[in-house]
Amino acid sequence: MHHDEHQLFMAEMSGVKPISSDRVQTPPTAHLPSEAQLARRDAAMGTQGCDLDYLSMEAVDMLRPDDSVGFKRDGVQEGVYKKLRLGKYELQACLDLHQHTLREARMVLLQFVRDCQERDIRAVLVLHGKGERSQPQALLKSYVSAWLPRIPEVMAIHSAERRHGGSGALYVLLKKSERKKAENRERHMRRLG
């Protein structure tokens with residue numbers, strides 16, 4: 001360790017006391033870095049996976065717990081979107097993000113979308129909760145609602161019907177996988193032929 005590094009290390013360690021007990025005490029959250037600070041540090045250290053980069057940990061527009069959310073990509077037919085909005089698609093998978101931190105939720109959400117694509121699953125439910133007790137309110141809901149439209153495989157989203165979780169959940173319509181598209185083309189060609 002160079003002299004400078006040693007000094008830096010000692011400065012970092014000043015005020016650190018050896019542990020006298022092995023009981024873990026929860027530190028006051030005021031001293032913990034925020035999600036955005038952690039994300040910036042990750043980015044600076046180059047540890048963030050490139051496919052997470054477009055799901056920003058920076059501030060998003062904050063929603064209210066009871067706000068309704070909707071988004072559809074150009075090219076999604078109005079009838080398809082309406083069917084999604086009314087909860088008329090058979091939900092083939094469900095992801096529950098309760099109890100997840102923002103960072104965990106982001107990774108789990110991306111992995112879930114990828115897994116669904118691989119299994120040709122198109123209509124899913126994502127439970128994020130209303131966030132009435134979170135600080136600020138609707139924290140996870142706001143981020144999940146901002147992230148989903150940025151994931152290329154996501155075609156449309158809409159707040160769920162009450163029976164599926166209402167404004168604490170989202171219906172998500174995913175793109176057909178390339179394999180499914182190819183199968184449909186083949187079937188179509190056979191029908192025409």
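Colleague: Which helix gives the most to the lining of the largest pocket?

Modeller: Helix α5, residues 139-147, with 3 residues. Helices here are DSSP runs of H or I of at least four residues, and strands are runs of E of at least two, numbered from the N terminus. One caution: this is a predicted model, where local features need pLDDT of at least 70, side-chain atom pairs count only at pLDDT 80 or more, and totals for chains, interfaces and linings use all residues. Residues are numbered from 1 along each chain as its sequence is written, and side-chain values use heavy atoms, with hydrogens and water left out.

Colleague: How much space lies in that largest pocket?

Modeller: About 420 Å³. The lining has 18 residues, and Gln99, His128, Gly131, Ser134 and Leu140 are the closest to the centre. A pocket is an open set of points on a 1 Å grid where a 1.4 Å probe fits, with protein on both sides within 12 Å along at least five of seven lines; lining residues have an atom within 4 Å of a point. The volume is the space filled by probe spheres set on the points.

Colleague: Switching to the strands. Which strands does β3 pair with?

Modeller: β2 and β5. β2 (residues 93-96) runs parallel to β3, joined by 4 bridges. β5 (residues 169-174) runs antiparallel, with 5 bridges. Pairing needs at least two DSSP bridges between the strands. Cysteine 94 has leucine 125 as its bridge partner, and alanine 123 stands opposite leucine 173.

Colleague: How many residues of β3 are buried?

Modeller: 5 of the 5, residues 123-127, so the strand is largely enclosed by the rest of the structure. Ala123, Leu125 and Leu127 cover one side, with Val124 and Val126 on the other.

Colleague: What unit do β2, α4 and β3 make?

Modeller: A right-handed β-α-β unit. With the strands pointing away from the viewer, the path from the first strand over the helix to the second runs clockwise.

Colleague: How far does α4 reach?

Modeller: 24 Å from first C-alpha to last, over 17 residues (102-118). That is close to the 24 Å expected, taken as 1.5 Å times one less than the number of residues. Just after α4, aspartate 120 takes a positive phi of about 60 degrees.

Methods
Buried < 20%, exposed > 50% of the residue type's maximum accessible area, 1.4 Å probe, protein only.
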